Amino acid sequence: MMRVASAARDAVRDARAAWGPSQTLLAVITAAALLLPLVVRDQLTLTSLASWAYLALAAVGLTFVVGLGGMPSLAQGALLAVGAVVAAVLRADGDWPPVAAAAAGALAAAVAGGVVGVAVGRVRPAFVAVATWLVAWLVARGLAEFPAFAGGAEGRIVPQGTVAGVDLGATLHWEIAVLLVALGALGLAGVARGQPGLALAGLRERPAEALALGVPALRLRTAAFAAAGFYAGLSGAFAVQLDGIADPAAYSPVLSFTLFAAVLLGGARSASGAVAGTALVGVLFWAADRLASSAGVATGRLGTLFAAALLLGALAIRSETVLPTLFRRREEPPAPVPLKAPRPARLEARGLEKRFGGEPALTEFDLDVEPGAITALVGPNGSGKTTALRLLAGTVAPDLGEVLLDGSPLPRGSQRTRARAGIVRTLQATQVFGGLSVLENARVGAGLHLPATGLARSLVATPRARAISRVSRGTAVAALREVGLDGDAERAAGHLTATDQRLVMLAAALAASPRVLLVDEPSAGATAEDVARIADVLARIRDRGIAVLVVEHNLGLVGRVAERVVVLDAGRTIASGGPREIGDDPAVRAVYLGGRVISTKTPD
Amino acid sequence: MALAFQVLVTGAAAGAVYGLVAVGHSLVYRLTGVVNFAYGDLVGLAVFTTLLVAAGTGPVTQTSIGGVRFVVALVAGVVVCTAASAGTYLFAIQPYVERGSTIGWVGATLAVAFALNALVALLFTRASYVIPDPLPFRRVGTGGYFAVGDVEVQARAFFVIAVGIALAAAASLILARTRFGRALRAIADDADAASMMGVPVQTLVAAAFGLCGALAGLAAIVAAPSASFSTQTGLLLGVKGLLAALLVRFGSPWRAFGAGVALGVAEAAIAGLTVAGYELGPEYREVLPIGAVLLLVALRPPRQALEEQE
């Protein structure tokens with residue numbers, strides 16, 4: 001009882017803290033929309049409005065996949081059809097009550113969405129589009145060819161029902177649709193701000209970096225598709241009862257395109273955008289109908305033509321990376337949650353070998369990365385340094401040899417299992433999630449060891465999900481403090497200097513509480529001043545007891561911070577030792593350094 | 001035996017058109033990493049332009065058309081399709097590829113597809129159309145059909161298959177033997193390097209889009225009189241060509257063409273197929289291949305999974 005009461009108090013407090021102009025606006029618009037049937041008495045108009053409101057619900061659902069996930073899904077119409085057909089069959093043949101039939105339709109579509117998500121969870125966006133396009137055709141052709149589902153060419157009649165004794169007519173449908181869109185919008189916003197939303201955004205912006213931070217791509221993308229399916233199914237299951245008939249012709253790939261266009265027209269980032277986009281398409285269709293009837297053109301295609309033309313124009317003039325900054329809320333800076341001191345870990349490579357197309361990129365590679373020390377891996381371009389990092393991080397599997405953590409061999413596994421074991425890698429080049437804030441970048445890393453909240457919990461913002469969110473924000477702030485960027489937490493990461501972006505990447509990795517940190521060329525293109533900052537940060541990370549392996553070109557940086565240096569040439573280790581020994585090694589000087597000596601002077 | 005022959009010929013004739021669309025999808029994917037969702041409707045545009053020039057938008061019979069006018073119509077159809085294909089690349093694909101926006105080109109090519117589809121449907125309002133045939137196939141055999149055993153085979157089908165093979169050979173030859181083809185292969189290999197070597201990448205890719213449109217458009221026009229053609233037919237041709245291209249992972253012209261023919265034959269065969277004592281029937285002919293290719297994509301994801309996008 002006490003726990004429930006305190007959870008409720010927390011919920012109210014969080015809601016009040018999170019309440020901003022956009023929440024007020026949502027409440028006002030919802031209330032106004034609910035009162036609309038007092039003004040609009042015409043049942044036909046109301047029916048038409050309600051069916052567009054249901055489409056808006058499906059568009060809000062599609063935003064999980066297209067907006068948060070960055071995956072061009074063309075299957076939303078097909079998922080809507082699944083919900084519609086399940087509900088139609090249950091209503092017509094099973095005599096289920098309307099709401100139960102709708103719930104069943106939504107669940108069926110969520111499962112179907114999940115299946116699609118599993119199928120496309122690991123492919124790049126172009127193939128997500130291809131596969132979901134085929135799903136749209138599979139469902140459309142299947143419904144047209146198999147009368148058992150939707151009655152074939154004649155369609156399947158769905159009887160009108162009652163909800164709590166009230167006839168489920170146009171008015172009640174409109175009220176239901178408005179409430180569902182409002183709740184759906186709240187759910188989407190909750191997920192977008194929460195841990196799953198950030199991880200999805202990370203995958204969208206820089207998939208390789210997100211995977212290196214241990215983001216579970218397949219699980220998240222499956223969940224995003226399942227959520228999209230749930231919304232679409234709910235939309236279809238109610239809309240089919242509004243229409244009174246399940247008509248296979250209504251679920252052609254045109255529907256999927258219309259929903260996709262609506263989401264893109266609205267900016268593809270927020271629920272309000274999806275609703276606005278759907279409204280825009282609705283107005284276009286209405287205008288097209290009026291125009292067609294006044295011009296005597298007998299066609300329903302004019303609306304599609306208008307929507308397609310508008311989409312072409314909108315895409316041409318806008319780059320999608322511009323986030324709608326309307327109502328971007330300034331949140332209170334969270335209290336830092338101190339980073340945990342890592343258990344000391346020792347990473348070893350034994351006899352690693354990797355070939356690409358027959359050419360050995362790395363052979364007989366042995367390495368020890370000690371806790372609380374920085375090991376540097378140097379060598380000319382193409383000597384196999386990055387390949388070594390990728391093998392250690394589990395990005396690619398070796399042809400021969402093994403990687404050991406604390407003496408026991410690591411299974412050949414995904415980057416996520418390695419990351420969960422404490423081995424985290426940052427990528428070469430600047431790979432921040434440019435559309436996210438600095439704090440959010442670090443939060444993507446902080447999610448690694450947090451319990452999975454799941455989309456469902458985030459949807460309804462359970463106390464547990466909110467507690468996890470607080471830990472994630474606190475950990476991220478602590479990690480940013482470690483690299484000296486806590487003052488820039490709210491800035492867009494993509495607007496920082498190259499060096500600051502590298503430091504953001506290090507902070508994201510730190511927030512993932514690594515025991516071993518693999519850093520790929522942290523100082524590429526940095527000025528002397530920046531190199532000093534990076535050296536300081538690397539030293540601080542080492543002093544936390546983390547085992548650090550740095551691939552680096554800048555020998556000044558190596559000489560300043562590394563305890564041990566390993567030199568690679570043409571895929572083989574040619575020398576290893578302290579920086580001074582390496583600097584004096586004639587073989588190293590001949591092969592790689594061309595006479596230059598590693599500087600061991602410390603500037604002070 | 002005779003039935004198998006009929007299935008083979010009918011299926012291969014339909015599949016020859018799928019095959020040329022697959023050739024286009026494969027080449028375009030190799031060149032740009034893009035799947036042109038407007039391709040099917042561009043092919044549909046070729047057929048309907050030919051119909052418009054040959055006979056207008058009214059009802060047509062198979063015989064009501066002279067040879068010269070048809071040739072003019074055919075050229076018009078191919079030219080419009082070529083230009084529209086190149087335009088699709090320049091305005092709906094290239095800007096987004098340059099920006100690195102997959103959602104951009106997916107949205108833009110789909111918008112082109114549905115805009116073309118709606119435009120054609122505004123002019124051609126009937127459910128389906130007969131495309132006139134200037135060649136006198138109906139005088140061959142009995143009303144255009146040969147009797148083979150106890151089944152009949154359309155004489156036209158052989159012509160369509162032959163034209164399909166000739167066009168696939170042309171595509172293959174152009175890629176293998178001409179300077180244009182060599183430049184395209186260089187672009188497919190490494191567009192940046194080709195550009196640095198002075199290859200005018202954008203112009204050549206646009207030309208390749210035009211060529212793909214011309215080949216598939218011509219094949220579709222040649223095949224169109226064999227059956228009725230609706231505004232949805234083009235859209236479906238694009239999807240089936242894509243299925244065939246996915247089967248051979250956007251392979252060489254001959255492989256893509258072969259996959260298209262195989263898909264056509266499979267579709268024709270599925271209708272009469274009996275699985276575990278249950279006769280499948282024609283309703284399975286489109287659904288089964290789509291499901292099978294989807295399964296293939298899911299179980300053996302194409303190259304360049306997420307990890308490789310560093």
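Mentor: Two residues are in contact if their C-beta atoms, placed from the backbone, lie within 7 Å. By that criterion, 77% of the contacts in chain A with a separation of 6 or more are made by residues 24 or more positions apart. The model is predicted, so to speak of a local feature requires pLDDT of at least 70 and to count a side-chain atom pair requires 80 or more, while totals for chains, interfaces and linings use all residues. Residue numbers start from 1 along each chain as its sequence is written, and chains are lettered from A, with ligands numbered from 1, in the order of writing.

Chain A contains 24 helices and 14 strands, both being DSSP runs numbered from the N terminus (H or I over at least four residues, E over at least two). With a radius of gyration of 28 Å, close to the 25 Å of the globule rule for 604 residues, chain A is as compact as a globular protein of that length; the radius is taken over C-alpha atoms and the rule is 2.2 Å times the number of residues to the power 0.38. The C-alpha trace of chain A spans about 90 × 55 × 45 Å along its principal axes.

Among the helices, α4(A), residues 76-92, packs against α5(A), residues 98-120, at an angle of about 145 degrees and with the axes 8 Å apart; axes are lines fitted to C-alpha atoms, for helices over the stretch in contact, and angles run from 0 to 180 degrees between N-to-C directions. The residues that meet there include Leu79(A), Val82(A) and Val86(A) from α4(A), and Ala101(A), Gly105(A) and Ala109(A) from α5(A). By class, this helix contact has 14 nonpolar, three polar and one charged residues, where Ala, Val, Leu, Ile, Met, Phe, Trp, Tyr, Cys and Pro count as nonpolar, Asp, Glu, Lys and Arg as charged, and the others, Gly among them, as polar.

Turning to the strands, which pair if DSSP finds at least two bridges between them, an open antiparallel sheet of four has the order β6-β5-β8-β9 in chain A. Its edges are β6(A), residues 359-369, and β9(A), residues 408-409, each of which pairs on one side only. Seven bridges link β5(A), residues 347-356, to β6(A), and in that pairing Leu347(A) faces Val369(A) of β6(A). Helix α15(A), residues 385-393, packs on this sheet, where α15(A) touches β5, β6 and β8 of chain A and makes about 120 degrees with the direction of β5(A).

Within it, β7(A) and β13(A) run parallel and are joined by four bridges, with Thr375(A) opposite Arg564(A) in β13(A).

Finally, 46 residues of chain A are in contact with 40 residues of chain B. On the chain A side, α6, α10, α12 and α14 each supply at least two residues, and α6(A) gives the most, with 14. That side has 34 nonpolar, six polar and six charged residues.
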